[in-house]
Amino acid sequence: MEGAQVLARFDAVGRYEFELTVSDGFEADTIAPVSVDIDEYDVIPLAARPVDVDFSEESQALVTIDGKTLRRLMDGMNIETVTLSYTAAAVSQSPNGRRAAVAHDGHVSIVDLESMMVVAEYPIPADMKEVVFAEDDLAFLTDGNQSYALSVDNGAYETFSTSYSDYVVKRSVSGKIYGASRGSWSGDVQRFTLNGSGEYYAYDSLYHGDFDLGEDLYFSPGGGAILSPSGDVLRSAEWRQNDMKYAMSLSNTVNFLHADASFVGHQWYTIEDRTGATLLAADRGMIVNYDLETGDRLRTVDLPSVSATTAIQWNAQYVFAADSTPGLFVVGVDTSAPTAQYAILTQGRRLAAFENAAPKISTRRYYSSALGSSVVLDASASEDPENQSLTFDWSPIAVPSGAGTVSLQGARPSFVPTLAGTYQFEVRAYDGLRYSEPRRVEVTVMPRSNPVRVQRIEGDILDAEYSASQNVYIVLTGDRPVAKLFDAAGNLKEIELPAPGFAVGVSPDGRRAAISHNGGVTFIDVARSSVVTTVEIENTSTVDGDRVFGDIVIDHAGIAHVAPSADQWEEMISVNPASGAVTRSGSLYAGLRLAMHPQNNWIYGADTGLSPADDHKFDVSTGYAVNLGDSRYHGEYSLGTDLWLSQDGATLLNARGPVLRTTADASTDMTYIGKLQGSVVAFSAAHSRDLDRWAVMPGKEIYGNVGAYQTIESSIFLYSSSSLARTGTIALSTVPTSAGALNARGRYVAFTENGRSLNAIVAVDGRIDGYALQFGIAAD
């Protein structure tokens, strides 16, 4: 390097020493070596203890508040400040990262984070304790007694009731708003939403002291799981009957002070709350990682004990994992000094500033294979920000005892499993200078004695449908806005959607699918695994401020028909993918469950949320829905909730067991034939004409939630479609996991095209990724 000023780019952490020689062209003078220390962390001092901290994944900005000051770290290096008129109590950034709401005593301030100016100060007659930006123009607040919904644009607000008055409130990545009770003897979690009349309210979990909930809450990537400081994990789901259900507990022994999660690393970053405890030297500043799926403790991340800029030991107070630009944001405190010092520590930013950012690893979480068949793992979609070539480090974490050594190399390594069970690996991408975050991979291998193929599913299932002609399950999960297409060989193809899907429908020939989501309907060519088109739809039905569309079917002409899922009396929405035309017609009660007739242009529907519930019929031969009426029964039989048509379309089965005939004659259509033997409630059902058989996933009704089920049997029940008598039971295969074989509980069932075997989706207890596919279940 030459010159009075030089730019040095450092590609690795450590100490660099330079010797400086000064020359006038005749004589030279050498100066003693100059040392430069490069840390893994940048340390940005804070002038005061933060009262609250918020991180925006969208803008990659960290915001802190203390006293009457808001501080914003935008580029990982420099802090900008805004002076507030009132002492700050809590802060939240908007989903788009452009504004912040600050709660004060008797006021709420709105800060434009792009201009770093206070743009509004709204008076509220109470001292605010918590605030969260629910949407870009809506904030929720609480003063410990009353809850408020505030319009950020004009300051108008309304009060609403909550299950707990004093709570911590946060927004998940998926946009759902939850609160954790504070100071309650039986800690709980509650969800904020809109009712059918457009009023805000909250409902809490089913648990009141069963688990150690409350005080705070943290979300997994995609928002599918909620972590409590105790380590108990609940599921987050779109629909109330599946929301806030216990999933598992982490293997921690002390509560967490703060936590966040990484999608790339598939792990929690937690800070153990050791308040009042003696801190061991090895524990100071320690961040502990736990596997998102298993809850097992993985490793620790130590903050620097001797920094190049400060010879102190940092103790973590807040931690945020940034997936879009891999690294950590940590707010730390040094308590060894006479006066506590606070700072923001950013990991991975210094090296990124010198054009050497870490790679981003990309691979499926779960694979499956038959014993003796080759399984190919694929990390080829991994990326390096500087487009440097990547190598891959695959490390075995656990393999079945006796399986021997499994050696993997390259972006798409393969191996042949020699024993049944679960194989776990960890993979990292390397660009020659830096490693990516690690990613866990799990391979499920079934024994030869069990022909059923089991494929784990990442994420919480919102809906699923089976295409018999393509032998493909189309699955919607809450972790990402994609449609996941699984075939019987365990292959997965993902199709990106404009928003997370609510419901999926498959055409009678199985070649097309339609997915309802916020803002419209996306049509998919199942055979080609590609998007055909997306049609946007205007609608007044809202939940959490979003346009919501519910169950969906496709008719023989390829037109989709959607039942709104919110409000009360609504119209069917018919969507033509060829013309983009959207037609509203007919009349239905929101939440109607739909089934398309396999031969004729009829849709049958089952009420949910009404008593007595009924079955309904619509004609869609004209391209839109025309009401043909409901059944003649109004309470005589347990109709509604859900329904399925037989393979030939001659009969329909209601969830609680009644079977009705279907005909073109209104005098005989939807007339009672009989009821399945026993008192079973079907979670899902399918019919085989060749076997003259109904296959039913049995469940029981949850009190107070019409249409919600909790399966109680790890079995599929078989019934004669002629006599309706129960003829047999098929036990579902257990699901191999890293924790051993776990019981499977049925959720979805479908007959294959030949009508002789079944495919199913099952729930797995005690796992965050709590679902699996089972292909090839013998039914004859």
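These legends walk you through close-up views of a predicted model. Local features need pLDDT of at least 70 and side-chain atom pairs pLDDT 80 or more, while totals for chains, interfaces and linings use all residues. Residues are numbered from 1 along each chain as its sequence is written, and side-chain values use heavy atoms, leaving out hydrogens and water.

**View A. Tyr167 and Phe192 form an aromatic pair.**
The whole structure holds 20 aromatic pairs (ring centres of Phe, Tyr or Trp, with its six-membered ring, within 6.5 Å). Tyr167 sits in strand 15 (residues 167–171) and Phe192 in strand 17 (residues 189–194), 25 residues apart; strands are DSSP runs of E, at least two residues, numbered from the N terminus. Both Tyr167 and Phe192 are buried (under 20% relative accessible area; exposed is over 50%, partly exposed in between, with a 1.4 Å probe and protein chains only).

**View B. Phe683 meets Tyr748 edge-to-face.**
Here the ring centres are 6.3 Å apart and the planes stand at 85 degrees, so the pair of Phe683 and Tyr748 is edge-to-face. Strand 59 (residues 681–688) carries Phe683, and strand 66 (residues 744–751) carries Tyr748, 65 residues away. Phe683 is buried because its relative accessibility is 18%.

**View C. Phe140, Phe160, Tyr167 and Phe192 make one aromatic cluster.**

**View D. Asp136 lies in a loop.**
The loop runs between strand 11 (130–135) and strand 12 (138–142). Asp136 is partly exposed because its relative accessible area is 32%.

Note on methods. Helices (H or I, at least four residues) and strands (E, at least two) are DSSP runs, numbered from the N terminus. Rings of Phe, Tyr and Trp (its six-membered ring) pair if their centres lie within 6.5 Å; planes under 30 degrees apart count as stacked, over 60 as edge-to-face and the rest as tilted.
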